[in-house]
Amino acid sequence: MRKGKQFNRLTAALLTCAMVGLTACSSGSSTSTETTAAQASETASAAEETSQAEAPTSVVIGMPADLATLDPMDQMSTSTGDFFKSVGTQLYKRDENFELVGDAATGYEQIDDLTWRFTLRDDINFINGDHMTADDVKFSLERVAKDASLVANHYFNCIDHVDVVDEYTVDVVTTSPRPDMLSLLAMGSSTIMPKNWVEENGIEAYIQSPVTSGKYQLKEWIPDDHYTLIPNPDYYGEPATWEEVTYRIIPESSTRVAELMTGGVDIISNVPVNEWERVSGNTEGDGTSLVYGETSSVLLMILKLTDGRVCSDPAVREAIELAIDKQAICDQLLQGAGTPTRTRIASSVPGHDESLFGTENGNLYDPEKAKQILTDAGYQEGQLTLELTGSNNRYLMDNEIAQMIAAYIEAIGIHVNLEVVDSNVLSNMFSEKNIKDAFLVALSDGQYDGCYPLAQFCDPVRTEGMSDWNNPTAVELYEQTRSEMDETKKYELSKQIQQICAEERPQIAIAQLKAIFGVNNRFTFSPQMDSTILPDEIGVAQ
């Protein structure tokens with residue numbers, strides 16, 4: 001951790017010089033022998049039998065961050081949400097094409113603008129043997145919708161109540177029209193819990209040992225070390241691909257790469273730029289490869305606009321954005337694995353504003369203008385100090401990006417106290433809204449709907465204590481967006497909000513990130529748009 005250290009132009013220059021270009025490399029050899037047709041056939045058969053015998057039945061994944069909790073509704077963490085998509089059941093889910101399809105629900109009907117009627121499967125059991133019915137759905141959705149202490153409540157409090165129509169039919173009634181209902185019900189935080197078991201044993205018992213109904217179940221969780229999944233033998237759908245899936249918690253990216261290269265893990269995320277050539281060119285053992293994925297993840301700085309804070313002045317916020325060369329960060333540090341942007345909504349998400357992306361529109365770099373803005377606002381060089389928090393090894397090149405941003409801001413005459421913390425500390429600080437002046441974080445869109453990311457800046461519950469930004473126009477537009485059933489109108493409202501955010505800067509978006517995975521060549525992996533590693537997205541190489 002580095003704290004209180006000042007950065008200057010030289011730091012930025014050194015960072016730039018430290019980034020080396022990538023070169024391709026390959027090696028190979030060939031031999032030939034003469035064999036009879038019979039010998040060749042025998043050899044091929046033996047090789048096929050050996051290959052089948054040695055086909056892996058388990059997989060080990062290296063993760064930068066641990067689970068946040070075993071309460072599906074008291075979290076909005078990407079990795080924890082994906083855990084519950086593997087072990088839990090939701091009414092809807094995303095298929096291999098990222099389309100919304102029924103999970104516990106076989107279908108739905110909109111009775112009116114506020115009422116969604118879902119028909120349930122009749123063959124789902126929890127791992128304790130309890131049979132899933134409409135009562136469990138009502139219990140679970142009303143829990144997350146009514147308990148304001150739960151982290152996910154502010155997304156689900158649009159649900160007014162749930163009516164049980166019969167044993168396998170429920171009506172979900174909302175407080176206003178919700179065009180994003182299906183994507184909301186596909187989130188890990190909408191996991192269906194066994195009503196009778198929880199009421200008899202208590203939520204704390206559930207958190208100690210979740211009673212779930214998904215394709216996999218939790219075998220064990222050793223916090224800060226690993227968690228392991230095994231198949232649920234009574235799962236109602238297609239059987240699990242793997243006999244065992246272990247997620248090892250390895251915060252340091254260099255350690256994750258080392259474990260991949262030596263066979264300690266089979267797949268890792270966030271391969272740092274300086275390791276790309278090594279991973280892609282590795283031929284030891286089974287060899288390793290890089291796999292690239294699109295994401296909805298946007299790296300941004302959340303700014304504290306509270307009165308008395310340095311970023312409460314819009315002139316300071318504008319100068320900070322103009323001080324940062326986002327294109328240089330994307331080119332030099334991310335090596336093309338990022339696109340400059342000025343919006344929280346990624347280009348992969350419906351409702352994004354295309355005019356806020358790219359070299360021309362997403363990057364306003366103009367340090368001389370930034371200095372002039374500060375001078376015109378009455379600030380002398382060195383008068384202002386910015387407390388900036390960043391992370392190490394949580395996101396791709398995050399430590400280096402934090403240092404480069406600090407150097408850019410220093411270059412326009414604002415002192416920067418940079419604090420770099422590890423992945424779990426950053427997650428806790430974000431959850432607790434422990435933000436000083438500027439907080440560097442990458443946020444994804446779990447719903448893949450423009451309403452979801454806008455909540456970060458337009459929902460007063462979310463902004464209070466976080467950015468403390470409260471723009472009445474943006475809040476009103478956000479509420480309209482949440483209930484607008486016409487997609488064209490909804491996306492137009494979303495773009496209006498993004499323009500307001502870009503102008504007032506409760507956050508400064510830096511770049512939309514790509515996902516870079518390292519994969520052992522025994523396996524295949526095709527990441528979805530959510531940039532996560534779900535067990536059944538992994539296959540065995542032929």
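This report covers the fold, the sheet, the core and the aromatic contacts of a predicted model.

## Overall make-up

The protein chain has 542 residues, and 55% of them are buried. Its secondary structure comes to 20 helices and 21 strands. Among contacts with a separation of 6 or more, 70% join residues 24 or more positions apart.

## The seven-stranded sheet

Seven strands make up an open sheet with mixed pairing. Their order is β8-β9-β10-β1-β11-β19-β12. The edges are held by β8 (216-222) and β12 (288-293). Each has a single partner strand, so one side of each lacks a neighbour in the sheet.

Inside that order, β1 (residues 58-63) pairs with β11 (residues 267-268). The sense is parallel, over two bridges. Gly62 stands opposite Ile268 of β11.

## Helix α3 on the sheet

Helix α3 (residues 78-87) lies across β1, β8 and β9 (226-231). The angle between α3 and β8 is about 135°. Is the helix enclosed or open? Eight of its ten residues are buried, so α3 is largely enclosed by the rest of the structure. The buried set is Ser79, Thr80, Gly81, Asp82, Phe83, Phe84, Ser86 and Val87. These residues pack against β1, β8 and β9, and also against α8 (203-208).

Leu229 gives a view from the strand side. This residue belongs to β9. Leu229 is buried, at a relative accessible area of 1%, which falls under the 20% cut-off. Its contacts beyond four places in sequence include Phe83, Ser86 and Val87, and those three are among the buried residues of α3. Other contacts of Leu229 include Tyr216, Gln217, Leu218 and Lys219. Further partners are Glu243, Glu244, Val245, Tyr247 and Pro535. Leu218 is eleven residues from Leu229 in sequence, and their C-alpha atoms are 4.7 Å apart.

## The largest nonpolar core

The largest nonpolar core holds 156 residues. Helix α15 (residues 398-411) gives the largest share, seven residues. In soluble globular proteins, nonpolar side chains tend to be buried together.

Which residues have the most contacts inside the core? They are Leu91, Phe118, Met301, Ile320, Leu334 and Ile405.

## A buried helix: α17

Helix α17 (residues 451-458) is eight residues long, and eight of the eight are buried, so the rest of the structure largely encloses this helix. The buried residues are Cys451, Tyr452, Pro453, Leu454, Ala455, Gln456, Phe457 and Cys458.

## Aromatic contacts

The structure holds 15 aromatic pairs. One of them joins Tyr235 and Tyr236. The pair is tilted, with 45° between the planes and 4.3 Å centre to centre. Tyr235 and Tyr236 are both buried.

Ring pairs also link Phe83, Phe84, Tyr227 and Tyr247 into a cluster. Phe83 and Phe84 are buried residues of α3. Phe83 and Tyr247 are also contacts of Leu229. A charged side chain meets a ring elsewhere: Arg94 lies over the face of Phe98, at 4.7 Å from the ring centre.

Note on methods:
Residues are numbered from 1 along each chain as its sequence is written. This is a predicted model: local features need pLDDT of at least 70, side-chain atom pairs count only at pLDDT 80 or more; totals for chains, interfaces and linings use all residues. Side-chain values use heavy atoms; hydrogens and water are left out. A nonpolar core is a set of buried Ala, Val, Leu, Ile, Met, Phe, Trp, Tyr and Cys residues joined through side-chain atoms within 4.5 Å. Buried means under 20% relative accessible area, exposed over 50%, partly exposed in between (1.4 Å probe, protein chains only). Helices (H or I, at least four residues) and strands (E, at least two) are DSSP runs, numbered from the N terminus. Two strands pair if DSSP finds at least two bridges between them. Contact means heavy atoms within 4.5 Å. Axes are lines fitted to C-alpha atoms, for helices over the stretch in contact, and angles run from 0 to 180 degrees between N-to-C directions. Rings of Phe, Tyr and Trp (its six-membered ring) pair if their centres lie within 6.5 Å; planes under 30 degrees apart count as stacked, over 60 as edge-to-face and the rest as tilted. A charge sits over a ring if NZ of Lys or CZ of Arg is within 6 Å of the ring centre and within 35 degrees of the ring normal.
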